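Welcome! Here is a short tour of a structure, with its sequence alongside. Take a look at both before reading on.

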Amino acid sequence: MKKSKQLEQYTPLVGEDILNVIYEKASKLRGLHILHINTTAKGGGVAEILEGLDPIAHEFELTQSRKVIQLDESISHFTSHLVDMLQGNEPGEISAGERERFLDWLGQSRLSEHDDHADIYVVHDYQLVPLAQIYSWLRPAIWFCHVDTAQPNPHAKSYLQDFLDAYELCVFNSEPSVFPEIRPELAHVMTLGIDPFRRKNAPLDQNRGLQLLQKCGIDVRRPLITQVARYDRWKDPWQAVDVYRPVKQQMPEVQLAFVGAMEATDDKGAVKVLHDLQRYVGDDKDVHLLSDPAVIGDDEVNAFQRYSSVILQRSTREGFGLTATEAMWKNQPVIGTSATGLRIQLVDGENGYIVDDTQSCAERTLELLRDRDRWQQLGRNAHEHVRKHYLLPMMVLSYLDALEKVHL
Ligand code: UDP
């Protein structure tokens with residue numbers, strides 16, 4: 001059985017047993033070529049997951065390749081309406097014309113049976129779900145739903161379901177997101193884990209961390225509240241501003257930062273959210289909106305998650321918030337919401353807080369800013385919770401399980 005050098009580093013964190021199970025499963029899958037098809041080369045949770053899996057798969061002699069189908073302006077209205085319906089149960093239907101136009105567009109993605117051939121295909125996200133029906137040679141195929149589909153608009157859900165017969169397995173990132181109509185053997189809940197050895201999550205000494213924050217315009221002598229997230233309406237950055245305002249009245253020295261490197265400058269949705277947020281914040285110099293990927297890299301994300309005074313994750317919808325897990329690993333008790341993924345990741349009052357309304361969130365923020373012993377205790381529990389449940393080996397095991405289900 002081939003061992004993985006990278007996974008061996010986890011022995012003191014997760015124990016040997018899980019690694020042995022992984023090695024055994026991986027040995028049965030050796031030599032397979034898996035093609036991952038998604039919409040972005042960089043940025044966001046999907047890219048993060050693949051970057052975590054790739055090097056380990058390589059050690060197991062699994063070939064992982066990537067095909068990026070870049071969405072363009074002509075279909076952005078359709079895809080953004082679709083995700084709003086899926087996640088937010090927004091009203092609306094998908095008309096036959098809209099559906100046809102989108103399928104025509106996707107049919108031009110020019111996947112080639114010859115050049116893109118693999119043993120297993122993994123199609124990521126809600127936009128690309130029709131691919132396995134369009135290209136009948138994409139078999140066996142796994143569909144990976146990354147968004148929060150716990151309360152979908154029924155029309156949007158049924159649009160997706162029309163394409164699911166072409167898949168051998170449908171993967172969701174939390175139990176509540178699984179469509180109840182899917183036969184249990186076709187559904188798989190994948191545990192998502194973070195890699196504490198990669199730069200974004202690795203130890204970063206305090207001097208260096210504070211220097212990085214200073215470079216981003218933060219006054220490191222004053223308290224800082226941070227939300228790390230893409231500029232996306234479902235991450236609800238506006239509520240973070242509403243939380244900050246009453247906190248600032250009680251504690252005038254406090255600052256607020258949003259960290260969301262915009263990898264794709266043509267992401268019109270993100271640009272719109274950022275502009276709207278800029279207007280919402282007004283001329284408050286203590287609110288920092290960071291979006292330039294030349295300024296915000298892995299070290300900066302690490303520094304913000306590690307050395308902010310309080311971390312917020314105010315998402316109203318969240319499949320599974322990797323940013324929350326990353327911050328928890330860095331001893332931060334995240335103040336999240338009851339959004340699908342977050343209520344699974346956080347244990348209220350034990351390793352963070354789950355509060356939805358603005359006033360309760362402001363109260364918890366002030367509590368953690370003032371009572372640093374409490375903050376530290378919850379933060380220690382947060383780190384321990386991630387160690388037990390959400391590290392990379394757990395994700396690797398869950399991924400191999402999914403491959404095994406469609407391969408054997
Ligand atoms: N991220 C980043 N730079 C940023 C903001 C986010 O690298 O400026 C990363 C973040 O660390 C996390 C991922 O993007 O690994 C976001 O994943 P998450 O599941 O939280 O949200 P998604 O973007 O998939 O909705």
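## A first look

UniProt, in an unreviewed entry, places the feature "domain: Trehalose synthase N-terminal" at residues 36–174; such positions are given in the numbering used here, feature names are shortened, and annotations may be inferred rather than shown by experiment. The model is predicted: local features need pLDDT of at least 70, side-chain atom pairs count only at pLDDT 80 or more, and totals for chains, interfaces and linings use all residues. Residues are numbered from 1 along each chain as its sequence is written.

The span 36–174 is 40% helix and 17% strand, and its end C-alpha atoms lie 20 Å apart. Helices (H or I, at least four residues) and strands (E, at least two) are DSSP runs, numbered from the N terminus.

Now to the ligand. It is surrounded by 15 residues, and the closest are Gly44, Gly45, Ala261, Leu322 and Thr323 (a residue counts if its C-beta atom, placed from the backbone, lies within 6 Å). At least two residues of this shell come from each of α4 (44–59) and α13. Domain 1 (22–193 + 391–406) and domain 2 (206–389) each give the shell at least three residues, with domain bounds taken from an automatic or database domain assignment.

Helix α13 also packs against helix α16, with their axes 7 Å apart. Axes are lines fitted to C-alpha atoms, for helices over the stretch in contact, and angles run from 0 to 180 degrees between N-to-C directions.

| Item | Value |
|---|---|
| α13 | residues 322–329 |
| α16 | residues 372–389 |
| Angle of α13 and α16 | about 115° |
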